[in-house]
Amino acid sequence: MADVFLAIAEHEEGKIRRASLEALALARRLAAERGGRAAAAVLAAEPAPLAEELARRGADEVFALAGTALEPYTPDAYRLALAPLIRELSPEWVLMAHTYLAQDMLPTLAAGFGAPVISDCVDCETDADPVVFVRTPYDAKFVARTVDRGPAPRFATLQSGAFSADDLPDDHSGTVTRRDVAVDEGALRRRVIEVREAGGRGVDLSSAEIIVAGGRGLGSKENFDKLVGGLAKALGAAIGASRPVVDSEWLPHEHQIGSSGQIVSPRLYVALGISGAIQHMVGMRGSQVIVSINKDKDAPIFNESTYGIVGDVTEVVPELIKAVEEARSQ
Ligand SMILES: Cc1cc2nc3c(=O)[nH]c(=O)nc-3n(C[C@H](O)[C@H](O)[C@H](O)COP(=O)(O)OP(=O)(O)OC[C@H]3O[C@@H](n4cnc5c(N)ncnc54)[C@H](O)[C@@H]3O)c2cc1C
């Protein structure tokens with residue numbers, strides 16, 4: 001039987017999460033380069049449309065695990081639903097985005113197979129034997145090239161934005177196999193009693209397409225709201241921040257980007273008055289285009305920026321807002 005590379009997909013509001021499509025992209029790359037097939041699994045009460053999306057986006061074979069116990073998510077239900085599938089397929093690699101869900105569930109699932117999880121990988125040497133996964137632990141102070149010398153199944157999670165899903169097809173015709181999963185309620189140690197929005201300002205920055213982020217260089221909450229808020233509104237962007245902004249209580253912690261905040265990978269990241277400390281960079285360097293505005297021409301953030309503007313945010317940003325508004329009104 002051909003080798004299987006299995007991506008476990010997460011979904012949100014009826015769509016596969018972008019980071020899970022990135023896991024599928026790596027499964028496809030491994031299958032193409034090492035020989036085998038790219039499979040995907042999705043779990044939901046009614047997974048059919050999600051499974052079809054995965055089959056269209058490049059999975060050769062999709063397993064649609066269906067069951068009312070699978071929504072809302074609990075680690076026990078996911079583990080009990082996935083373990084038999086993984087036992088049956090014995091995938092060379094089981095891949096997931098490095099999300100809260102994966103961190104919650106995958107280690108227990110892997111431990112059931114006596115396997116470790118290589119977590120938060122930023123690169124994969126697909127042609128090495130065995131396959132090497134690259135991690136950057138301790139706020140990217142080290143590069144750890146990691147292999148799993150154990151037998152299949154092996155497990156890895158991927159940092160959001162590290163693997164591009166841009167080249168996935170939209171017209172693939174993978175097969176979909178539905179499996180009804182009956183989970184014994186008594187086996188679920190954790191129950192979700194209620195799901196509440198995390199306040200009106202809650203944002204999931206990890207799936208934002210455009211982020212405008214501000215740092216200490218904004219100088220005050222008033223400037224932050226006016227300049228970061230103004231540019232974000234003009235661009236239709238989500239708002240992010242460096243840690244000093246959160247520490248100063250200009251914004252709640254959920255907006256913090258970096259090693260102790262969120263990891264983001266938007267198409268466009270605009271950094272205003274942010275110096276580019278490593279703890280911030282590890283959270284946003286997966287962005288496709290980085291535009292930075294800083295008055296210090298030697299600020300480290302310019303080393304990783306696609307475009308850099310040396311200037312004072314209080315002068316440059318109002319002009320930028322005006323230009324974006326004009327361009328959008330045409
Ligand atoms: C364990 C640990 C975890 C951490 N986690 C995080 C994290 O998750 N996220 C995070 O962001 N940080 C984190 N930090 C903090 C990090 O080390 C930096 O201190 C922080 O990122 C700096 O934020 P900043 O760039 O906004 O501020 P600064 O480093 O002070 O930079 C401000 C920048 O603004 C520029 N500037 C000033 N005035 C203007 C102006 N008028 N116009 C234009 N530019 C101007 C300056 O030239 C400077 O480059 C962590 C630190 C530790 C020790």
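The crossing of helices α6 and α9 is left-handed. This is a predicted model, so please keep that in mind throughout. Helix α6 covers residues 221-235, and helix α9 covers residues 313-329. Their axes come within 9 Å of each other and cross at roughly 25°. Angles under 35 degrees count as roughly parallel, and α6 and α9 are therefore roughly parallel to each other.

Which residues make the contact? On the α6 side they are Asn223, Lys226, Leu227, Gly230, Leu231, Ala234 and Leu235. On the α9 side they are Val313, Thr314, Val317, Pro318, Leu320, Ile321, Val324, Glu325 and Arg328. Sorted by class, the contact between α6 and α9 has 10 nonpolar residues, along with three polar and three charged ones.

Now the cysteines. How many disulfides are there? The count comes to zero. Take Cys121, which is in no disulfide. The nearest cysteine sulfur to Cys121 belongs to Cys124, and that sulfur is 7.7 Å away.

Cys121 has 0% relative accessibility, so Cys121 counts as buried. Cys124 has 3%, so Cys124 counts as buried too.

Terms used: Residues numbered from 1 in each chain as written. Predicted model: local features only at pLDDT ≥ 70, side-chain atom pairs only at ≥ 80, totals over all residues. Heavy atoms only, no water. Axes fitted to C-alpha atoms, helices over the stretch in contact; angles between N-to-C directions. Helix = DSSP H or I, 4+ residues; strand = E, 2+ residues; numbered from the N terminus. Parallel < 35°, antiparallel > 145°, perpendicular 65-115°, else oblique. Left-handed = near helix turned anticlockwise from the far one by under 90°. Contact = heavy atoms within 4.5 Å. Nonpolar A, V, L, I, M, F, W, Y, C, P; charged D, E, K, R; others polar. Disulfide = S-S within 2.5 Å. Buried < 20%, exposed > 50% of the residue type's maximum accessible area, 1.4 Å probe, protein only.
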